[in-house]
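Take each task first, then follow the solution step by step.

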Amino acid sequence: MERTLSAQVETHWRFVGYRNYMAKYQSIATEVAKVVKITAPIGFWDLSKVKFSFEVVGLVQKEYFEEVYTNVLLLESFLEAQIGARDDEIRALSDFFQVSLRQAVFDQPETERQIQDVVEQLLIGRGLVRGVDYEREKGRVKVSIKETIPDFILWRLGLAIEVKLCRDKNGAKNIIDEVNADIQAYGKKYPAMLFIIYDIGAIQNEVEYKQGMEAAEKHIHVVIVKH
């Protein structure tokens, strides 16, 4: 659309594709609205009432074309702002677990479910409601013949949360493989992932261990909590 608008050559057929742009824009906007509430003042058209290019003069075609382009820019700006706000919120949630999780675990855990229960209690403590703000062990993802289910999903943030319990050095190595597999699986459905690793003295170099996983893909967040 930008190339069309910036073209120096004026032709009668320059903006004849306005209806196709309308349809594609509205299809994209409709899909976006399924994921996030759009508050930007974008517009929609009833295409059954929009005349075809051979029924209107070139000036009207241009007006339609520019209307679509304006709405595309509004939607793009809105999404850029939303993505930035979402990333900030995910980082704040990661920091919250980093600071609060250890304080909420009183005895050395034996299973990941124990840590999952504490994570859920902390989510509830932040005012989140299951079934409204988050889900636990739902939102399965199918890869080939195998199905995987995230421990938690925060739909509004497009965030999958996985909890790992690291008991020993072999476990620390296995968790890296598990995280990489989870990234490949959940990345097909969720734009962001948070891995909470509760370590019982097995991870020596936390920074190196964490950076190795976060560097694998964008929007991967890793929190290591030492018991």
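**Exercise 1. What volume does the largest pocket have, and which residues lie closest to its centre?**

Step 1. The largest pocket has a volume of about 500 Å³. On a 1 Å grid over the protein atoms alone, a pocket is an open set of points with protein on both sides within 12 Å along at least five of seven lines, while a cavity is a set of points where a 1.4 Å probe fits but cannot get out; lining residues have an atom within 4 Å of a point. Grid points are joined across faces, edges and corners, and the volume is the space filled by probe spheres set on them.

Step 2. The lining holds 19 residues, and those closest to the centre are Val-35, Val-36, Gln-82, Arg-86 and Arg-156.

Step 3. Two elements each give two or more residues to this lining: helix 2 (18–35) and helix 3 (58–104). Helix 3 provides the largest share, six residues. Helices (H or I, at least four residues) and strands (E, at least two) are DSSP runs, numbered from the N terminus.

Step 4. By residue type, the lining has 10 nonpolar, two polar and seven charged residues. Here Ala, Val, Leu, Ile, Met, Phe, Trp, Tyr, Cys and Pro count as nonpolar, Asp, Glu, Lys and Arg as charged, and the others, Gly among them, as polar.

A note on the source: this is a predicted model, in which local features need pLDDT of at least 70 and side-chain atom pairs count only at pLDDT 80 or more, whereas totals for chains, interfaces and linings use all residues. Residues are numbered from 1 along each chain as its sequence is written, and side-chain values use heavy atoms, with hydrogens and water left out.

**Exercise 2. Which residues line the second largest pocket?**

Step 1. This pocket has a volume of about 190 Å³.

Step 2. Its lining consists of Glu-89, Leu-93, Leu-123, Arg-126, Leu-128, Val-132, Asp-133, Leu-154, Trp-155, Arg-156 and Leu-157.

Step 3. Sorted by type, seven of the lining residues are nonpolar, none polar and four charged.

**Exercise 3. In what order do the five strands of the open sheet lie?**

Step 1. The order is 1-4-5-6-7, with mixed pairing. Two strands pair if DSSP finds at least two bridges between them.

Step 2. Strand 1 (135–136) and strand 7 (220–226) are the edges, each pairing on one side only.

Step 3. Strand 6 (residues 192–199) runs parallel to strand 7, with seven bridges. Strand 5 (residues 159–166) and strand 6 also pair in the parallel sense, over eight bridges.

Step 4. Now follow Leu-194: it is the bridge partner of Ile-161, and its own partner in strand 7 is His-221. Asp-199 stands opposite Lys-226 in strand 7.

**Exercise 4. Why does strand 6 count as largely enclosed?**

Step 1. Eight of the eight residues of strand 6 are buried, so the rest of the structure largely encloses this strand. Buried means under 20% relative accessible area, exposed over 50%, and partly exposed in between (1.4 Å probe, protein chains only).

Step 2. In a regular strand, side chains alternate between the two faces of the sheet.

Step 3. Ala-192, Leu-194, Ile-196 and Tyr-198 are buried on one side of strand 6, and Met-193, Phe-195, Ile-197 and Asp-199 on the other.

Step 4. Strand 7 is mostly covered, with six of its seven residues buried.
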